[in-house]
Structures are given as structure tokens and as C-alpha cells.
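Please view the sequence and the structure together while reading.

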Amino acid sequence: MSSNYGLRILVSRPGNQTQALLAVKQQLYPPLEFLMPGMVDTHIHASQYSYSGTALDLPLLDWLNTYTFPVESRYKDLDYARNVYTKVLKRTLRNGTTTACYFATIHTDASLLLGQIADDFGQRALVGKVCMDCNSTVPYYKEPLKECKDETLRFIRELLKKEYAHVKPVVTPRFAVSCSSSLLHTLGKIAKNNDLHIQSHISENKEEVKLVKQLFPDCKSYTDVYLKHDLLTDKTVMAHGCYLSDEELKIFHERGAAISHCPNSNLSLASGMLNVRNVLNHKVKLGLGTDVAGGYSPSMLDALRRAMDTSKVLSMQDAQHQTLTFEEAFRLATLGGSEALSLDDQTGNFEVGKDFDALRVNMCIPGGPVDMFPGQGPKVILEKFLNLGRILYICPVALSM
Ligand SMILES: O=c1[nH]c(=O)c2nc[nH]c2[nH]1
């Protein structure tokens, strides 16, 4: 079920999130069905969906130059954009993503089209027109500073003018490597003046961190680059953060900025492994992202499973490391994601007053991927679903479009 029915939660039960969602099923459905909050993908490149599942043989910077920029440059063609964006919306909804934070491309009209398609399908979405004015390796894929500023303002104006209930613009500097200091300052100002969300990438890969140090020698750290340009606010979500120091995490906490953990991508591009426990200990807002197409899967259940795998690898390397529990991973995929996107007043769990963004899970479909046995209670049901489940079907109204 997705959110386009405009249902609002009016009553709730006391208890934690796991208890609450499993209690609902006893009231409404037979024993092996339950409702859970829709999942929140805090970082996904809609424009990279066409090559998801391929092109995973290079590290980040080579990967961008070889695969990503040539593909993203094609989105000046609106027919091409419509085809891919329609498919990515259907695919993410089929995977239980009721909220997504999207990177589009540098093209304003195609980015507006992504917003329109998200609205048509009833997915809650933040949509970002990508901003980048530096690209010496693939020089045809960038915009001059002035054009980038004007087009960003046009994108924001036109998207807001549509008054979509659940689709909003997000200011999107690609990352410090592909933005001049002037562009970063400009975008910081635009976000501030319009009280907008901000998204970008940070500390994904060691080579990238080194390059940022060279490009911004006056900044103390990668985090300091964004801080100095007014891009680290309580409406900012930064993807990856694998190599952030404790000092940088403290700044994230102080500013109320969030991290999107994208474990599939971090493993697939051999970028690094985020220490989620350390991020949580620093009380930094944290959600999960698929990061299609650096991550090969558009599924948030996959992101949740890779987050648990990554945490177990860290435990193998360090016996003191406290492995993520499945309940914690579940929280990251739902409420944590909504907090990371500062949308937790609207979605993320079944609290009174929030919108009813829900998935109806049936654990006893004939031929389904999970077998249940007598005496297995709510906790086992949820754990089995998270580890073994598959989302096969979602609201026919949305998907027949
Ligand atoms: O995983 C990533 N995907 C991207 O498209 C990108 N751009 C900058 N940094 C990036 N990381």
C-alpha cells in the first residue's frame, strides 16, 4: 500500500515500534499478516537505474567518469528520461519504498519530470536537480556557475508551483569534487533563503577524501567544506560518510545533519564500511540508502541486509564492536530514514498524526519465500520477513499507471 490515499493515523497503541506494528496485525488480519511502515530510501540516483546491476568493476572516481557521467548526460532527452524514471518509480514502489530521496541529473526539465512521475505514482519524494560546475574528465557533463544557479532556481520555483502534496525539491550539490567554492556558497544561500532540504555525498572513498583535501586546502576536513558553505543544516542528508572522524561526527550531531548509509554501494564499489554503531553513539541522524546504481539493488530490504552484513564484518575485525540488531536495522529502514530526511513529522512509523504510509505483509503466500512453524511469535515473524521476505506486490492503482 502506498501513501497516495491521504490516510492519516488517528489512533495508536503504546509500546515500541516493533510491538506496535505487530499488534496491529492481530487486530486486522489473520495471524501471519501484518502492517509495517513503508520504507524510506534516503539516497537513490533515479538517473542511474538503467545500468543498475552492472558496471561495478571500478572504484568511485573512475566509475563516475566511465559509466555515470556519460549515462547522466543523456537526460536532456525527455523521452529517455520518462522511460527510466517511470521504471524506477514502479520498481522502488514494488520494493516497498514509500519515500525516496532522489538525485536526478543536471537537466532541469527532466528533473521536473521525475517530480511529476513521483507525484503520479503517489510516492513521497525529495527530488534534486544535480549541480556541478567542475568536471575536467568528462567536460560535456557540467554547467557553468551562472547557468547552474539560474536553473536550480527555476527547478525549485517550478516544482514548488506544482503544489504536489508529497514531492518537494532538495538542493543537490553533487559532491565537493565537482563543485567550485562559488557554486557551493550559492547553493548554501539558495537552501537557506528557501528553507530547503540539502543532499550530497561525503567521505565515501579514500581517494575522494584525499582529492577534497587538495581542492579545499583551507578547510579542516571534508565536513568543514560543507560547513563553511552553509550546507550542513538540520535538513541535510549526506550519503556514505565511511571515513568521517569522530570530530566530524560531532559536527554532524551539533548541526542536526544526517547520514545515509548505503552499504550495497560501499561494498559493490569497494569504497569502505560505515561504522553504524559509532554514528549512532554520536547521536547523528541515520537512514539507509540503496544508492542505485553504485548499489546494484533498488530494494530497501537489500539495504537493510547489507547493513547487517557490514556490521558483522566489523565485528569480525573488532571483537568489541557491537553488532547491529535486526530491530535496529528495521528502524534505520523506516523511522531512522524519515528522521534523516526531516520528514519524521509525516512518516516513518504509525504515530498519531502521521500519514498512513504502510506495507501489508503476508507471510503465508503459497509458494512464497518463507516457511513459518507453530509457536513462532511476532518477533520471529518480523526477523524472518526482514531476512527472507520478498515484496511481490503493491497497490494496483499505482502500478497500473
Ligand atoms: O555513489 C556515488 N554515486 C554518485 O553518483 C556520486 N557522485 C559523487 N559521488 C558519488 N557517489
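Alanine 293 is placed in the loop between strand S10 (285–288) and helix H12 (300–317), where helices (H or I, at least four residues) and strands (E, at least two) are DSSP runs, numbered from the N terminus. The peptide bond that leads from valine 292 to alanine 293 is cis, with omega near 10 degrees. This is a predicted model, in which local features need pLDDT of at least 70 and side-chain atom pairs count only at pLDDT 80 or more, while totals for chains, interfaces and linings use all residues. Residues are numbered from 1 along each chain as its sequence is written, and side-chain values use heavy atoms, with hydrogens and water left out.

Most residues other than glycine have a negative phi, and most peptide bonds are trans. Serine 203, although not a glycine, has a positive phi of about 45 degrees; its place is in the loop between strand S7 (197–202) and helix H7 (206–215). Aspartate 230, in the loop between helix H8 (222–228) and strand S8 (236–240), likewise has a positive phi, near 60 degrees. Serine 203 is classed as buried because its relative accessible area is 1%, whereas aspartate 230 counts as partly exposed because its relative accessibility is 39%; buried means under 20% relative accessible area, exposed over 50%, and partly exposed in between (1.4 Å probe, protein chains only).

| Residue | Ligand atom | Distance |
|---|---|---|
| Histidine 45 | oxygen | 3.5 Å |
| Arginine 174 | oxygen | 2.7 Å |
| Glutamate 204 | nitrogen | 2.7 Å |

Taken alone, the ligand exposes 270 Å², and the protein buries 100% of that, with accessible areas coming from the Shrake-Rupley method with a 1.4 Å probe.

Asparagine 193, in helix H6 (residues 181–194), counts as exposed because its relative accessibility is 64%. The C-alpha atoms of asparagine 193 and aspartate 41 are separated by 26 Å, the two residues being 152 residues apart along the chain.

Note on methods. A polar contact is a pair of N or O atoms within 3.5 Å; within protein, one must be able to donate a hydrogen and the other to accept it, and residues adjacent in sequence count only if both atoms are side-chain atoms.
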